Structures are given as C-alpha cells and as structure tokens.
Amino acid sequence: MLAFVSWAAHDAYPIERAVPLRWFKEVQPVTQLNPAVAAGRDKLVAQSAKLGIDVVITDGFRSMAEQDALYRQGRGDGGAVVTQAKGGESYHNYGLAIDFALRTPAGKVIWDMQYDGNRNGKPDWLEVVAIAKKLGFSWGGDWKSFRDYPHLQMDFGYSIQDLQNGWRPPTQTG
Ligand SMILES: [Zn+2]
C-alpha cells in the first residue's frame, strides 16, 4: 500500500493522486502486455475470424529503447515518421496497446482501410475497430491529431503522465 504523507493530504485532493507514486514506492518496469489487454487482443482475433476477417497483431508491448528507435524513424534514421511518442510516452511502453493489420487469403499483410475481404459491404478495418471498442479498446483513428489507424489501447483512466509517474492498472501493481 501507499505510504501516508501527511503534508500533502487534503480532503478535496486525495493523497493517492497528489504525489507521484515513484516518490515513495519503487515502480517495477513493465515488461509485457497487460493481461487484460492480452485477453482483449485474443478475443479481437477470434471474434474477427468469425466474421471472416483475418487480423494480424503487428505490435504489442514495446520497451523504452524500442520506442526510441521507432521515434528516430523518419527523424534521421530514414523512412516515414511512424510515431509522435518517445520512450515512455506511448501506451505500448506500459503494455496497454496493440497494433493490428489485416491478412488476405493469399497471406499478404495489408493496411488497407477500404478492403472488404468478407464482402459484406463494410470495410473489414472498421469492423475490427467496432469489435475492439466493444472489448474496451479505444482507437488511434479517433485521435484529433496524428491519427494512428492500426493502434488500439486500454488506458484504464490513466494518462501517459500518470503512467510516467508510476501509476499502474491493478493487474500490474504487483
Ligand atoms: Zn500503436
């Protein structure tokens, strides 16, 4: 449990929110996908398959170093910019995000948002997003700037700043 710090306690501003967790508790680094996110990922793949959609999970947990390498892409390392987040600034770094793509019957992995492989008149991509939202994910395609269409995350009400300060969803507090 959290240590009690009387100088910061205030009725209207609970201590648990007033002081970053990392100030008084050693925060274990996250090294894998949150179990709830992993379960959501598996359900997403299974429920999409029932609709005749082959979902490929292209990314999940990402270490800080991996995130930094990704950030350098398009900013000196060549290629296109693929992320706005440096190490520690992405939900992937806390095991709370996944990225997906679609796979055609020929085995080709595609990022085509119009593709209607199951021929039901609806883009497969948006069908997958709709399932993901029912499972509790929010979608990077809804972001106001730098829309990230393959990206799905569960934030459990935590901002990136909260996570940087050491807050973790219950399954990860250890
Ligand atoms: Zn992502």
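Val 55 touches Leu 44, Val 45, Ser 48, Phe 100, Leu 102 and Val 128, with residues up to four places away in sequence left out. Contact here requires C-beta atoms, placed from the backbone, to lie within 7 Å. The model is predicted: local features need pLDDT of at least 70, side-chain atom pairs count only at pLDDT 80 or more, and totals for chains, interfaces and linings use all residues. Residues are numbered from 1 along each chain as its sequence is written.

The protein chain holds 5 helices and 5 strands. These are DSSP runs, numbered from the N terminus, with helices being H or I of at least four residues and strands being E of at least two. Along the sequence the pattern reads α-α-β-α-β-β-α-β-β-α. Of the 174 residues of the chain, 24% count as buried. A residue is buried if 20 or more other C-beta atoms lie within 10 Å of its own, exposed if 12 or fewer, and partly exposed in between, with C-beta atoms placed from the backbone. Among contacts in the chain with a separation of 6 or more, 55% join residues 24 or more positions apart.

Val 128, one of the contacts of Val 55, lies in helix α4, residues 124-134. Val 128 counts as buried because 23 C-beta neighbours fall inside 10 Å. Beyond four places in sequence, Val 128 touches Leu 44, Ser 48, Ile 53, Val 55 and Phe 100. Val 128 and Asp 54 are 74 residues apart in sequence, yet their C-alpha atoms are 9.6 Å apart in space.

Val 128 is one of several buried residues in α4. Just after α4, Gly 136 takes a positive phi of about 105°.

Two packed helices are described by the angle between their axes and the distance between the axes. The axes of α2 and α4 come within 10 Å and cross at roughly 135°. Axes are lines fitted to C-alpha atoms, for helices over the stretch in contact, and angles run from 0 to 180 degrees between N-to-C directions. The two helices are therefore oblique to each other. Angles under 35 degrees count as roughly parallel, over 145 as roughly antiparallel, 65 to 115 as roughly perpendicular and the rest as oblique. The crossing of α2 past α4 is right-handed. This term applies if the near helix is turned clockwise from the far one by less than a right angle, and left-handed if anticlockwise. Leu 44, Gln 47 and Ser 48 in α2 meet Val 128, Ile 131 and Ala 132 in α4. The residues of this contact divide into 4 nonpolar, 2 polar and no charged. Ala, Val, Leu, Ile, Met, Phe, Trp, Tyr, Cys and Pro count as nonpolar, Asp, Glu, Lys and Arg as charged, and the others, Gly among them, as polar.

In soluble globular proteins, nonpolar side chains tend to be buried together. The largest nonpolar core has 23 residues. Such a core is a set of buried Ala, Val, Leu, Ile, Met, Phe, Trp, Tyr and Cys residues joined through C-beta atoms within 7 Å. Val 55, Leu 96, Val 128, Ala 132 and Leu 152 touch the most other members. At least two residues of this core come from each of α2, β2 and α4. Helix α4 gives the most, with 5 residues.

Ala 36 is also in helix α2. Ala 36 counts as partly exposed because 18 C-beta neighbours lie inside 10 Å. Ala 36 and Thr 171 are 135 residues apart along the chain, and 8.0 Å separates their C-alpha atoms.

Two residues other than glycine have a positive phi. Arg 119 has a phi of about 50° and sits in the loop between β3 (109-110) and α4. Arg 119 is exposed, with 8 other C-beta atoms within 10 Å. Phe 156 has a phi near 55° and belongs to the loop between β5 and α5 (160-164). Phe 156 is buried, with 20 other C-beta atoms within 10 Å.

Terms used
Contact = placed C-beta atoms within 7 Å.
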